[in-house]
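Let's take a friendly walk through a protein, from single residues up to the whole fold. Keep the picture in view as you read.

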Amino acid sequence: MRVFSGIQPSGDLHVGNYLGAIKQWVAAQTSDAFYCIVDLHALTNPVEPEILRERTREIAAWIVAAGIDPDVSTLFVQSHVPYHAQLAWLLECVASYGELTRMTQFKEKSALQDGVRAGLLTYPVLMAADILLYDTADVPVGDDQRQHLELARNLAERFNNRYGETFQVPRAVTPASAARVMDLQDPTRKMSKSVASELGTVYLDDRADAIARKISKAVTDTDGAMVYDWDRKPGLANLLDMFAAFEGSDPRTVAARYQRYGDLKRELSELMVESLTPIAARYRALRENDALDDVLARGAAKASVVASATYARAAQAIGLTRGR
Ligand code: AQP
């Protein structure tokens, strides 16, 4: 079963990225899995060139540290495989302006920016190209990506109907718990790498004392009832979801074990520290040597074999001539 997923080098990784995406990637790891650091997507927001390069390497190290074995799965950087941008153009000529302006993330992000980049409008099409290039069946992602996945499915079906069977139609796979980890200080907003919320975000690189402080200050409610209820008690539900995801259980089972918020928070911090500390240690070791550049070069070469074949199929179907 072909699996593809990506992550933007747009900031420091947090537990939302880990539970929503990377932990699932590790579980779905086979020789048929393609994992991508989508650096072209990060250009939709202002970023210094050196910072983008540095973050790309950091994210690669985190992914390997979390358990992706690049000798098993294919790990690569999006811009190293030019077919992503090429296929995106073909798909932009299949997507409509109206459907892109209706994307929730575009509406939310463009409302907060001056001089909105055209790439912010079109990047869901680039994401569709990322996925469709690999004949992907399953895309393990957090819940925030559902709408973009729906667009990828629609574009694949539209292209197939218009130009003949070309693309596999993919589906999103989200985790049972913690598919959308919320900001600890504002549980109505998702935890995000590009929005600064120091106390509301647990970074994978946080030390034990920082994790304990952030969890102990997490916003909950005042009635003290240990009930898993996203509508009435989103702060508590967020903590229970994270607990269940780290532990591999169910949020209601976790709720049944505790009477007091303080005890839940203390044990959740311990569980997080226990899970994240070995990953952070491996990350630091990986950052000390340069082996990852070779790993990424091998990944791009493997990815290009699949991507070039799919691109050639799409180019042929849409009516482009083949250069000699
Ligand atoms: N809060 C989250 N909970 C669960 N999953 C999440 N993901 C992201 N945030 C959460 C999943 O992580 C993968 C990578 O997504 P991304 O690179 O878009 O991450 P981000 O943290 O959302 O990054 P940004 O730059 O800050 O993006 P925006 O501006 O969209 O918030 C995806 O599988 C995503 O679902």
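In which helix is the place of Gln24? Gln24 sits in helix H1, which runs over residues 15-27. Keep in mind throughout that this is a predicted model.

Is Gln24 buried or exposed? Its relative accessibility is 14%, and because buried means under 20%, Gln24 counts as buried. The side chain of Gln24 reaches the backbone oxygen of Gly20 at 2.6 Å. If we set aside neighbours within four places in sequence, Gln24 is in contact with Leu19, Pro140, Val141, Val173, Thr174 and Pro175.

Now turn to Gln8, which is in the loop between strand S1 (3-7) and H1. With 19% relative accessibility, Gln8 counts as buried. Not counting residues up to four places away in sequence, Gln8 touches Val38, His41, Ala42, Ile59 and Lys193. Remember Lys193, for we will meet that residue again beside the ligand.

Pro170 has 0% relative accessibility and so counts as buried. Which residues is Pro170 in contact with, leaving aside its neighbours within four places in sequence? They are Ile131, Leu132, Thr136, Ala137, Val139, Leu149 and Arg153. Take Arg153: this residue and Pro170 are 17 residues apart in sequence, while their C-alpha atoms are 6.1 Å apart in space.

**One side of a helix**

Next, look at helix H4, made of residues 83-92. Which residues of H4 are buried? The answer is His84, Leu87, Ala88, Leu90 and Leu91. These residues cover an arc of only 160° around the axis, which puts them on the same side of H4.

**Around the ligand**

How many residues surround the ligand? There are 24, and the closest are Ser10, Lys109, Asp144, Lys190 and Lys193.

| Residue | Protein atom | Ligand atom | Distance |
|---|---|---|---|
| Gly16 | polar backbone atom | nitrogen | 3.1 Å |
| Asp144 | polar side-chain atom | oxygen | 2.5 Å |
| Lys193 | side-chain N or O atom | oxygen | 2.6 Å |

On its own, the ligand has 650 Å² of accessible area, and the protein covers 97% of that.

**Stepping back to the whole protein**

Finally, let's zoom out. The protein has 13 helices and five strands. Its C-alpha trace spans about 70 × 45 × 40 Å along the principal axes. How does the radius of gyration fit with a compact globule? For 324 residues, such a globule would have a value near 20 Å, and the protein has 20 Å, which agrees.

Of the 324 residues, 52% count as buried. The protein exposes about 14900 Å², and carbon and sulfur atoms supply 50% of this area. Among contacts between residues at least 6 apart in sequence, 75% join residues at least 24 apart.

Key:
Residues numbered from 1 in each chain as written. Predicted model: local features only at pLDDT ≥ 70, side-chain atom pairs only at ≥ 80, totals over all residues. Heavy atoms only, no water. Buried < 20%, exposed > 50% of the residue type's maximum accessible area, 1.4 Å probe, protein only. Helix = DSSP H or I, 4+ residues; strand = E, 2+ residues; numbered from the N terminus. Arc of directions from axis to C-beta. Near = heavy atom within 4 Å. Polar contact = N/O pair within 3.5 Å; in protein donor to acceptor, adjacent residues only side chain to side chain. Areas by Shrake-Rupley, 256 points an atom, 1.4 Å probe, with all protein chains shown as cover. Rg over C-alpha atoms; globule rule 2.2 N^0.38 Å. Contact = heavy atoms within 4.5 Å.
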